[in-house]
Amino acid sequence: MATIFTKIINREIPASIVFENDKVIAFKDINPQAPVHILVVPKKEIPTLNDIDVQDSEYILAMYLAIKDIARDLGISENGYRIITNCNTHGGQEVFHLHFHLLGGKPLGPMLTF
Ligand code: AMP
């Protein structure tokens, strides 16, 4: 069954899209955790980071290049930002279609406290 992100790629459900090319789509997270919170998603249904393969390298590279361009276009490159990929239960993954969270727009503080 198609993931919610594939439905966004296929324009079956709406999203606030900020970037798109043949390999990647990026849109605003519906529940933002920072002033800038963008999801960067490959146009291939890779469920988790555990599932990537060398054949996916062009998608992975495209995701990083998209992040660079989006950060520049949204004016957060110089101050900086954070990217996160959650994987499976301990990572808190909710959508099983590989993605980066791009977070920025304010100092983000320590990565984790435990
Ligand atoms: P993760 O927990 O890493 O799988 O992150 C999934 C993210 O997708 C969460 O931050 C959600 O807020 C976000 N999300 C879920 N549905 C949508 C949607 N329709 N449009 C935008 N973001 C969404």
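**Exercise 1.** In this predicted model, find which element gives the most to the lining of the largest pocket, and describe that pocket.

*Solution.* Helix H1 contributes the most to the lining of the largest pocket, with three residues. Next, list the elements that each supply at least two lining residues: H1, S2 and strand S3 (36-42). The space in the largest pocket is about 490 Å³. Its lining has 22 residues, and those closest to the centre are Phe5, Asp29, Ile30, Leu39 and Val95. By class, the lining holds ten nonpolar, nine polar and three charged residues.

**Exercise 2.** Locate the ligand and work out which residues surround it.

*Solution.* Start with the site: the ligand sits in the largest pocket. Two elements give two or more residues to the shell around the ligand, helix H1 (4-9) and strand S2 (24-28). H1 has the largest share of this shell, three residues. In total 16 residues surround the ligand, the closest being Asp29, Glu94, Val95, His99 and His101. Seven residues of the shell are nonpolar, six polar and three charged.

**Exercise 3.** List polar contacts of the ligand, taking N or O pairs within 3.5 Å, and state how much of the ligand the protein covers.

*Solution.*
- Asp29: an N or O atom of the side chain is 2.5 Å from a ligand oxygen.
- Glu94: a backbone N or O atom is 2.7 Å from a ligand oxygen.
- Val95: a polar backbone atom is 2.8 Å from a ligand oxygen.

On its own the ligand has 510 Å² of accessible area, of which the protein covers 87%.

Methods:
Residues are numbered from 1 along each chain as its sequence is written. This is a predicted model: local features need pLDDT of at least 70, side-chain atom pairs count only at pLDDT 80 or more; totals for chains, interfaces and linings use all residues. Side-chain values use heavy atoms; hydrogens and water are left out. A residue is near a molecule or strand if one of its heavy atoms lies within 4 Å of it. A polar contact is a pair of N or O atoms within 3.5 Å; within protein, one must be able to donate a hydrogen and the other to accept it, and residues adjacent in sequence count only if both atoms are side-chain atoms. Accessible areas come from the Shrake-Rupley method with a 1.4 Å probe; for residues, only the protein chains shown count as cover. On a 1 Å grid over the protein atoms alone, a cavity is a set of points where a 1.4 Å probe fits but cannot get out, and a pocket is an open set with protein on both sides within 12 Å along at least five of seven lines; lining residues have an atom within 4 Å of a point. A molecule sits in a cavity or pocket if more than half of its atoms lie within 2 Å of its grid points. Helices (H or I, at least four residues) and strands (E, at least two) are DSSP runs, numbered from the N terminus. Ala, Val, Leu, Ile, Met, Phe, Trp, Tyr, Cys and Pro count as nonpolar, Asp, Glu, Lys and Arg as charged, and the others, Gly among them, as polar. Grid points are joined across faces, edges and corners, and a volume is the space filled by probe spheres set on the points.
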